[in-house]
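Q: I would like a close look at a single part here: the charged side chains and their surroundings. Please walk me through it in one connected answer.

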Amino acid sequence: MNSESTQSIDESVVVVGAGPVGLWVAAELALAGVSVVVLERAAERSPHSKALGVHPRTIEVLAMRGLARRFLDEGVPVPKWHFGMLESRLDFSALDTPYPFMLAIPQVRTEELLEEHALGKGARILRGHAVTGLDQDDERVTLRVTGPRGEYTRTARYVVGADGAGSTVRKAAGIAFPGTDTTSYGYVGEVRLTDPAVVSAHNEHGALISVPVRGGRHRIAGVDAHHNGAADPFTLETLRETTIRVAGSDFGMHDPGWLSRFGNATRVARTYREGRVLLAGDAAHMHLPAGGVGLNVGVQDAMNLGWRLAAVARGDADPALLDGYHDERHPIGEQLAEHTLAQSALITATTPDGAALRSLLNGLIATVPEFSLALARKLSALDVAYPAAGHPLVGTRVPGLFELLESGRPVLLGTPGAEAGALAAAMGISVVTGEQPWTTAAVLLVRPDGHVWWAAAADDANDAEVVTALKGLGVTFAGADRTRTAAG
């Protein structure tokens, strides 16, 4: 039973939304020793899985916290994936990762595993608690919440809005959400099939893909060139008619479990940070669910934000560290908007000129490996880097090192001087000495999210710079009181 009433409850960080993004932020904060509570409007988790896939970079994120094996044991690797429902598939097996595939696993199960992880690290999750508004000042954020026992307020030093495209947190914080309105609608239906089939079809009538999902059902999704509007009721009969037109059969569909329409409206928040309020996932960016990338980009938002917010909330880093979250992830949100809009155009390209465009791109994917690989890297998020001043490796993704990052602390690679090595050891940071795969750098400091924070060539590396870089990450000394900072 929840004990909330009308009094104010103080927290270090409140995360609003218990989807994959909110759960990952909460887990990262708890791992770093920060008190965090997740408020979720729904009393129970939805039984429907909006997303069905985990892409390679997200699997790497999971591996950095020791969770990849759990997902790999339950998911199904899919080595080839689509872009805009084109017939020629992108070959993920050519990607530079230990996980060169899209992992098919229902979002419901992803959420179950992530909730288990977050709770295990010490996060708290309260369901049936709807945030209705907020106010903030220089010291705190005050949330207005309606819970099972009525209205109450909850005060936190920081709030993370991971509450979806209709985000109450974003709206209450006054963050603009510019972009494009819906111009076309897609559909999704989960049904049982008398004659099961895995189908991918695209013609003048629309587009359709059918794949098996849990519980003996099939998911059928796509667009219908003859019914393009949210006003029309979407029923089993509508889905049946569409499937027959596009695929030539209804495959004996019956017993619908979920029927839904969705639009291609695409928006990106003007800023991912407004004072003490931060946004992540669909609260920061909405788009057509093309390519199955939304959940993945959201979890990667959370990975970028988690270590920063933990360091600031503990008092171990300057609040300016949070500005780097917007600076790095907002451009990724803009890129997400661009390529999902491009996929929307391809999926709805049912006219002769649209068919010509699809034919051209199909040919390029099939015959130009570099083109196919570039699209695969984009969908998989393995092309994400955060360029910054200094060494060219700063901001790049470090492949491997997953086990060394499981504690959520940075890793120092190379051969630092005695002072820097001693400081790193005092902070509980792993130091991996010896020759590194990057010949252009003698010393690398890798952030908790697996990207390079600082690097130097052999002639430029010195203890003072390594020490400054370590302090800049806001890492507490191992075993020290949380109020003591690296600078102290």
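A: **Charged side chains up close**

Arg-358 is buried, because its relative accessible area is 3%; the class buried means under 20%, exposed over 50% and partly exposed in between, with a 1.4 Å probe and protein chains only. This is a predicted model, in which local features need pLDDT of at least 70 and side-chain atom pairs count only at pLDDT 80 or more, while totals for chains, interfaces and linings use all residues. Residues are numbered from 1 along each chain as its sequence is written, and side-chain values use heavy atoms, with hydrogens and water left out.

Now to the partner of this arginine. The side chain of Arg-358 forms a salt bridge with that of Glu-87, at 3.5 Å from N to O; the term asks for a side-chain nitrogen of Lys or Arg within 4 Å of a carboxyl oxygen of Asp or Glu. Arg-358 belongs to helix α9 and Glu-87 to the loop between β5 (80-81) and β6 (90-91), so this pair ties together parts that lie 271 residues apart in sequence. Helices (H or I, at least four residues) and strands (E, at least two) are DSSP runs, numbered from the N terminus. Glu-87 counts as partly exposed because its relative accessibility is 46%.

Helix α9, residues 352-367, also holds Leu-360. At 52% relative accessibility, Leu-360 counts as exposed. Together with Leu-357 and Leu-364, Leu-360 makes a nonpolar surface patch of about 240 Å². Such patches are built from residues with over 30% relative accessible area and no salt bridge, where like charges are joined within 9 Å and nonpolar side chains (Val, Leu, Ile, Met, Phe, Trp, Tyr) within 5 Å. The areas come from the Shrake-Rupley method with a 1.4 Å probe, and for residues only the protein chains shown count as cover.

Back to the charges: how many salt bridges does the structure hold? There are 29 salt bridges. One of them joins the side chains of Glu-115 and Arg-45, 2.4 Å from N to O. This pair links distant parts of the chain, 70 residues apart: Glu-115 sits in helix α4 (residues 107-121), and Arg-45 in the loop between β2 (36-40) and β3 (53-54). Glu-115 is buried because its relative accessible area is 16%, whereas Arg-45, with 24%, is partly exposed. Leaving aside residues up to four places away in sequence, Glu-115 touches Leu-23, Arg-45, Ile-125 and Arg-127, a contact being heavy atoms within 4.5 Å.

Another salt bridge brings the side chains of Asp-449 and Arg-447 together, with 2.7 Å from N to O. Asp-449 counts as buried because its relative accessibility is 3%, and Arg-447 is buried with a relative accessible area of 2%. Elsewhere, salt bridges that share partners join Arg-57, Glu-60, Asp-96, Arg-377 and Arg-397 into one network. As a general point, side chains of opposite charge can pair when their charged atoms come close.

An open sheet of five strands has the order β14-β15-β16-β13-β17, with antiparallel pairing. Its edge strands, β14 (199-203) and β17 (253-263), each pair on one side only; pairing needs at least two DSSP bridges between the strands. Strand β13 (residues 185-193) runs antiparallel to β17, and eight bridges join them. Within this part, Val-188 stands opposite Ser-260 in β17.
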